[in-house]
Amino acid sequence: MAYNGGPMAEAMYYVLLGLMHPNHGYQLMHAITEVSNGRLKMGPGTLYGVLSRMQTEGLIS
């Protein structure tokens with residue numbers, strides 16, 4: 001799938017990395033902190049906002 005939505009935000013990149021293994025929200029937030037080496041600590045509002053945007057743009061389903 002080609003992504004034509006412009007540059008991918010850092011949060012989107014880490015969410016995609018975190019989604020490599022099925023997780024629920026809390027696990028996904030923890031996975032994002034791990035894969036970013038603690039650089040990004042995502043809260044639920046940001047996580048679900050990013051997931052919603054990615055779903056709208058057809059990047060995830």
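**How the helices meet**

Tutor: Let's start with an angle: α1 and α3 are roughly perpendicular to each other. Keep in mind that this is a predicted model.

Student: OK, at what angle do the axes of α1 and α3 cross?
Tutor: The axes of helix α1 (residues 10-18) and helix α3 (residues 44-56) cross at roughly 85°. They come within 10 Å of each other. Anything from 65 to 115 degrees counts as roughly perpendicular, so that is the word for this pair.

Student: Which residues in α1 and α3 meet?
Tutor: On the α1 side you have Ala11, Met12, Val15 and Leu16. Their partners in α3 are Leu47, Val50, Leu51, Arg53 and Met54.

Student: And what classes of residue make up that contact?
Tutor: Eight are nonpolar, one is charged and none are polar.

Student: Zooming out, how many helices and strands does the protein chain have?
Tutor: Three helices and zero strands. Reading from the N terminus, the order is α-α-α. The chain's radius of gyration is 11 Å, close to the 10 Å the globule rule gives for 61 residues, so the chain is as compact as a globular protein of that length.

Student: What size box do the C-alpha atoms fill?
Tutor: Roughly 30 × 20 × 20 Å, along the principal axes.

Student: New topic: how much of the protein chain counts as buried?
Tutor: 30% of its 61 residues. The chain exposes about 4,200 Å², and carbon and sulfur atoms supply 56% of that area.

Definitions and conventions
Residues are numbered from 1 along each chain as its sequence is written. This is a predicted model: local features need pLDDT of at least 70, side-chain atom pairs count only at pLDDT 80 or more; totals for chains, interfaces and linings use all residues. Side-chain values use heavy atoms; hydrogens and water are left out. Helices (H or I, at least four residues) and strands (E, at least two) are DSSP runs, numbered from the N terminus. The radius of gyration is taken over C-alpha atoms; the globule rule is 2.2 Å times the number of residues to the power 0.38. Buried means under 20% relative accessible area, exposed over 50%, partly exposed in between (1.4 Å probe, protein chains only). Accessible areas come from the Shrake-Rupley method with a 1.4 Å probe; for residues, only the protein chains shown count as cover. Axes are lines fitted to C-alpha atoms, for helices over the stretch in contact, and angles run from 0 to 180 degrees between N-to-C directions. Angles under 35 degrees count as roughly parallel, over 145 as roughly antiparallel, 65 to 115 as roughly perpendicular and the rest as oblique. Contact means heavy atoms within 4.5 Å. Ala, Val, Leu, Ile, Met, Phe, Trp, Tyr, Cys and Pro count as nonpolar, Asp, Glu, Lys and Arg as charged, and the others, Gly among them, as polar.
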